[in-house]
Amino acid sequence: MGADCSTNPDAPECHFSIDGRSSTKPASTSKAVPANASDVRVCREVPVFIPLVQRLVTVGDPSAPEKMTQQECTVNGRMVDSSLVFAPTDPAVPTVSAQQLAQHAYQALVMPQPDVGMSPRADVPQLAGLPVWLWLKPGSWSSKSVTLTAGGVTVTAVATPWQVAWSMGDGTTETCAGPGTPFPEHPNGDGTAPSPTCGHTYRRTSATEPGGAFHATTTIVWRVDWTGSGPGGTFPDVESSTGFPVRVIEAAALVTNSH
């Protein structure tokens, strides 16, 4: 409650400064009176008129930029209170929650299709019984992120690849924890060594498959986390895939065709 400046002009509430000019003039209004139980207190904003002010009210952070308004309250048409109210000029009220904004960032993520590497290459016949090296080319295995800002809230959603599944078309799937190892340009030995990280060996030919080829699919699984205002969190994994044909023949057929 503020002091009644008409009876106590030395109260701290009765001393204030407007535009750098000090004022100690007490209010000339009648002393505030209590309302009866059936009375209704009505308050409204009015043009600022310093002589009628009885008290000062600060709303929010007193160090923030402020605007000044005057408020009068009446009961049965009789003024019972008049106050100067100082409030922030632009209260920072978020228009969206961090969780909502993070959901938008999650939906805005675009995962690249896997860029597949194989040895032997996918466009030449594979040999049944011999190991195939599998890997992802640069650009397929790197984190992707989206950052959004709205209403004073900023969040970032980050997708990180953590697993790649190679469905080889012959009923088997090779699941690898990384992008695989590219086949060396100048391998040692006869080139029949299996990949140290990700590979497959076809045990039968694709001769009976539609088009004479297996339909293989490579799928990257991405973990999505978000950070920003609040504790952050994790979204469901997302996937990106690409498909390609793989023709597999018997090694003996390759030898026969070479003569």
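How many residues lie between E11 and E12 in the hairpin that they form? There are five, and Gly169 in this turn has a positive phi of about 90°. The structure described here is a predicted model, in which local features need pLDDT of at least 70, side-chain atom pairs count only at pLDDT 80 or more, and totals for chains, interfaces and linings use all residues. Residues are numbered from 1 along each chain as its sequence is written, and side-chain values use heavy atoms, with hydrogens and water left out.

Strands (E, at least two residues) and helices (H or I, at least four) are DSSP runs numbered from the N terminus, and two strands pair if DSSP finds at least two bridges between them. Strand E10 (residues 144-150) pairs with E11 (residues 153-167) in the antiparallel sense over seven bridges, with Ser145 bridged to Val158. Two residues separate these strands in a hairpin, where Gly151 has a positive phi of about 55°. E11 also pairs with E14 (residues 214-228), again antiparallel, over 12 bridges; here Pro161 stands opposite Trp222.

Strand E12 (residues 173-176) is a further antiparallel partner of E11, over four bridges, and Val164 has Cys176 as its bridge partner there. The torsion about the S-S bond is about 75°, so the disulfide is right-handed. The pair links distant parts of the chain, 22 residues apart, with Cys198 in the loop between E12 and E13 (199-201).

Note on methods:
Disulfide = S-S within 2.5 Å.
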